[in-house]
Amino acid sequence: MIGLKIYYHKNMKEFSPISSEMLFLKEKIFSPECHVFFDVDGTIKGSSTPEAPTGFNPKLPSLLARLNKIPGISVGACTSQSSQELYSYLLKMDPKMGGHLMDGLSILEDGHILVSAGINMLTDYIELVSPGAKAQISILKVELKKHWAPAQESHLASDGWGYFPDVPTPVAIPEGKYQGVVTMSVWERGPNVHDPDYHGEYEQIALFVHQLIKELNLDSIEPKEAGNGTLRIVEKGKSKESALATLANKGVIDLKNTVYVGDGLNDVESAELISDAGGGVIAVANAISELKQKATCVSKEAASHGVVEMLELILN
C-alpha cells in the first residue's frame, strides 16, 4: 500500500494527495548538498512533437533554472554526450542560461569525462580514461573509417549513412560535436533495441566492431550498446556507474543524497548503485523495464514531458 500525505497545491487551490515516494524525492532534493543527475538522450531530450517541436518540453528550462536555485544543490548531466553536444543543446533550450541549466557536477561520455560546472564544460574538464585506452580508441576510429563505405541508396547516403562489410544495417561515424573527446560513437540506423520493431538489427554491427578490436589487439577498449541506436567505444570497466562510484568513494558525492533521472540501458547500473545506497531514482515513461524496476517513481509522460511532470510535483 503506497503511503499518502495531504498537501496544499498552491496552483490547484485544493488539497491533493502526495505519495510517500514523491515525499522521499522531495526530501532528497531539498536536503543539503544533494546531487541531481539527468540522462540526456531519451530523458531531457526526445523526438520532436507538436508539443515539443525542438525535442524538449518548453517548460523544462524554467524548471531546471528553479531547481538550480535550491540552496546547496548540484544539478548536472550523466550522459553519453560530449561536452560540445550537451552545451549546444543547453543553449538551444535557453540561449541566456546555456550551461547554467546544469551548472553542477556532470559526468559525460559514459563516465569518461568529469565536469565540475556546466558553464565551463567546454574548457574545464577531467579525463577519466587511461592514455593507453584513449590511444586505442583513436586507432580504432581510423580503422573503422577505412572499412566504412557510403550507402548506394541516395536517401541514405544524403544523410551520411553507409555500411561496414557484410553488415546489413546502415551505420554512420559522426564527426564534430557528436564525437567525444576521448570516446567514440557509431550510429546505427533502426529502432531502439527495446522497441517491438527491433529484431536484432544491431548485433552484427557490434560483432564486426568487436572482431576488428580483437584483430588489432586493442585490449583496453570495448563496444557497448547504448540501446538508442548508438554503439559506444569505451575503455573497459568505464561507465556512468563506475564514475559515480569513484566520486562516492572519494567523498565528492553522497549516493544516499543523490537523485538520478534516466530512461535507458546505460542508466540501469547507475540507478541500482544509487537506489541500493538509499538515493532516489526517477524513470520516465519511455524507460526500459529494468530501469523502472529500480525507480523510486515512474512518470506518466515520456522523455522531457515526464521530467517536467516530476519536477512540477517536486518543486510545487
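Is glutamate 312 buried, exposed or partly exposed? I looked it up: glutamate 312 is partly exposed, with a relative accessible area of 28%. My note on the terms: buried means under 20% relative accessible area, exposed means over 50%, and partly exposed is in between, with a 1.4 Å probe and protein chains only.

**Before going on.** I am reading a predicted model, where local features need pLDDT of at least 70, side-chain atom pairs count only at pLDDT 80 or more, and totals for chains, interfaces and linings use all residues. Residues are numbered from 1 along each chain as its sequence is written, and side-chain values use heavy atoms, leaving out hydrogens and water.

**Salt bridges.** I searched the whole structure and found 12 salt bridges (a side-chain nitrogen of Lys or Arg within 4 Å of a carboxyl oxygen of Asp or Glu).

**Lysine 59.** I found lysine 59 in a salt bridge with glutamate 312, with 3.5 Å between the closest N and O atoms. Lysine 59 sits in the loop between strand 3 and helix 2, while glutamate 312 is in helix 10, 253 residues apart. (Helices, H or I of at least four residues, and strands, E of at least two, are DSSP runs numbered from the N terminus.) Lysine 59 is partly exposed, at 48%.

**Glutamate 175.** I saw glutamate 175 meet lysine 141 at 3.5 Å, N to O, in a salt bridge. Glutamate 175 is in the loop between strand 10 and strand 11 and lysine 141 in helix 4, so this pair ties together parts 34 residues apart in sequence. Glutamate 175 also has a salt bridge with lysine 145, at 2.5 Å, N to O.
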